[in-house]
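The following exercises are to be worked through with the sequence and the 3D structure at hand. Each task is followed by a solution in steps.

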Amino acid sequence: KGARPGRAVAAMPAVAAGGPALAVGNDGGEVAEAEEVDAEELLKEAGELFGELFSLGPPRDVLAGFWSGVRCAVTGIFVGLAGVVTQPIEGYRTAHWTGFFRGAAIGVGSFFFFSATGFCTGFFQLVRGIFATPAAVNAASRGLRWDGEVGVWKVPVPYSLPAEVEEVFDSHGVEEEDDDEDAPKRRAVDTFYYDQLGLAPSATQRQIRQAYFVQSKRWHPDKTQEPNAKERFQAISEAYQVLSDPGRRRTYDAQGRSASGGEGFVDARVFFSVLLGVDVLEPYIGRVRLVQLFQSVLSTVEKGDTQDLADDVDKHFLQDSERTQHQQVRRQVRLASRLASRLDDGSSEGGGASSSASFRGRALQEAREMIEKDPSVRRLLLEVGWLYESRAELYLARSASRFGSFGLQSLRLSLKNRGREAAHQARTARLTLRSVVELLKIVNEVDDTTTADESEDAELPSAITSALPTFVDTLLGLAACDINSTLDEVVRRVLADASVDIDFRLRRAARLRDLGNA
């Protein structure tokens, strides 16, 4: 992250040979100072990169230390494997067989280095967790809570979900308005775009979004075998790009298609939402961050700023972390408010068996309707259900034991949940590595095709077709990781809400378990 090879090469001789002692001449002092600063910055960047690759935070107890160690070891292995795979391929592209063998040597060396580093770091984390366990048991028995961000036990501060909802949305604005006040009075000189969505010119923004999701799902090239699906999907996307923007919509209504500037647009967010099936689950999971990233990246490509593509990705994942975190908090709070309202609905009926059966029946019916709308959503829906059920069972187990998190049932459930999460993360990492390999194959095939055939009508490489299932599985895995991390915070807010009493929170947990099971 942020490493500058040129500066690294310049700084390495000074670091290796003692730094400032090598500087000679009239400007020796300035050169030595510059080399020393470069070396310090290089070491600082290396430390930041190491901290991002490996889990170095203080573990709460032996279980946390064990799983932190497992993550460190797995990370080291996969980073090393990535070097083994990518270095020879990149070397061959730059210097043919000489570069291939040089890259292979570098890749093997990086594999052993990162694997050993991962195992050593993992063992270190395990030892830290073992030594921290007695203090953790003592702190938990006194009612303290573990703060993972700073790595200390703290006196719990009562959390209120309604107070956070008021703070977040009063400070930054409520959710977007859905309707236009002048929609019933709207007239259009051209109704082509409205016809694509099956709407009248008086349609509201909510109706436009709903129609777009329905039509784009029906005509998505990967969802239908109709011969004109690609053209229809393009027309639907153009219609949505114009009608969803109030300014473009007014221009279109007044002057027609030629003045609206909607030709050629594809809504990347909805494209990938439909491809992954996450649009059906949006009331439960919000807007997946991976889809938002694709929207930004593809818009950069459409503008022709491909040279800034890496910077755009870097901005979303690294440089613009504060804005991304703000959006994620809004997403979590909004989803927590919705989930709490749903779990509290009908709570006045009590927590009897009939009430529980009625709630579960409604949830099961809703799940069946979502799968009927889009069968591809089943995989992500199962992830949502598993997280709801597992977190609810863990909360109920902790509440039932006087030892809290260290009760036998709590420990068993924690071990089971972490094992499943580790297996899912390992599978996603493996798919990501396969996608990188397939992508490099596609790049090489494109280079060969371009060399052999310079015509613009050349067909896409066959590697793209064969690699598409791997890409989709990887995207689904990454989306599932984002959904799990988001809903984990959502459930934590709902079950830690001190604005209701403990009995009410226990009923929430029981209903959440029923919802996840359904």
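**Exercise 1.** Leaving aside its neighbours within four places in sequence, with which residues is S414 in contact?

*Solution.* The model is predicted: local features need pLDDT of at least 70, side-chain atom pairs count only at pLDDT 80 or more, and totals for chains, interfaces and linings use all residues. Residues are numbered from 1 along each chain as its sequence is written, and side-chain values use heavy atoms, with hydrogens and water left out.

Step 1. Contact means heavy atoms within 4.5 Å. Once neighbours within four places in sequence are set aside, S414 is in contact with L394 and R398.

Step 2. S414 belongs to helix α16. Helices (H or I, at least four residues) and strands (E, at least two) are DSSP runs, numbered from the N terminus.

Step 3. The relative accessible area of S414 is 11%, so this residue is buried. Buried means under 20% relative accessible area, exposed over 50%, and partly exposed in between, with a 1.4 Å probe and protein chains only.

**Exercise 2.** Describe the surroundings of A239.

*Solution.* Step 1. Helix α7 (residues 229–243) contains A239.

Step 2. A239 counts as buried because its relative accessibility is 0%.

Step 3. Neighbours within four places in sequence aside, the contacts of A239 are Y193, Q196 and L197.

Step 4. From A239 to D195 the C-alpha to C-alpha distance is 8.9 Å, although 44 residues separate them in sequence.

**Exercise 3.** Identify side-chain pairs that form salt bridges, and locate each partner.

*Solution.* Step 1. A salt bridge is a side-chain nitrogen of Lys or Arg within 4 Å of a carboxyl oxygen of Asp or Glu. By this rule there are 14 salt bridges.

Step 2. One of them joins R331 and D482, at 3.1 Å from N to O. This pair links distant parts of the chain, with R331 in helix α13 (residues 321–344) and D482 in helix α17 (residues 462–495), 151 residues apart. Both R331 and D482 are buried.

Step 3. D473 and R379 form a salt bridge at 3.8 Å, N to O. D473 is in helix α17 and R379 in helix α15 (residues 378–400), so this pair ties together parts that are 94 residues apart in sequence. D473 is partly exposed because its relative accessibility is 28%; R379, at 27%, is partly exposed as well.

Step 4. R391 and E421 form a salt bridge at 2.6 Å, N to O. R391 lies in helix α15 and E421 in helix α16 (residues 408–452), 30 residues apart, and the pair links distant parts of the chain. R391 is buried, with a relative accessible area of 14%, whereas E421 counts as partly exposed at 25% relative accessibility.

Step 5. Salt bridges with shared partners also join E164, E489, R492 and R493 into one network.

**Exercise 4.** Which residues have the most contacts inside the largest nonpolar core?

*Solution.* Step 1. A nonpolar core is a set of buried Ala, Val, Leu, Ile, Met, Phe, Trp, Tyr and Cys residues joined through side-chain atoms within 4.5 Å. In soluble globular proteins, nonpolar side chains tend to be buried together.

Step 2. The largest nonpolar core has 37 residues, and those with the most contacts inside it are L281, I285, L339, Y388, L487 and L512.

Step 3. Two or more residues of this core come from each of α10 (282–285), α13, α14 (353–373), α15, α17 and α18 (502–517). Helix α17 gives the largest share, nine residues.

Step 4. Residues up to four places away in sequence not counted, L339 touches Y388, V490, V491, V494, L512 and L515. Another core, of 16 residues, lies apart from the largest one and includes L197, A203, V242 and Y252.

**Exercise 5.** How many residues does helix α6 have, and which of its residues are buried?

*Solution.* Step 1. Helix α6 (residues 205–219) has 15 residues.

Step 2. Its buried residues are Q205, I208, R209, A211, Y212, F213, Q215, S216, K217 and W219.

**Exercise 6.** Summarise the protein as a whole.

*Solution.* Step 1. The protein has 18 helices and two strands.

Step 2. Of its 518 residues, 37% count as buried.

Step 3. Among contacts with a separation of 6 or more, 72% are between residues 24 or more positions apart.

Technical notes
The expected span of a helix is 1.5 Å times one less than its number of residues.
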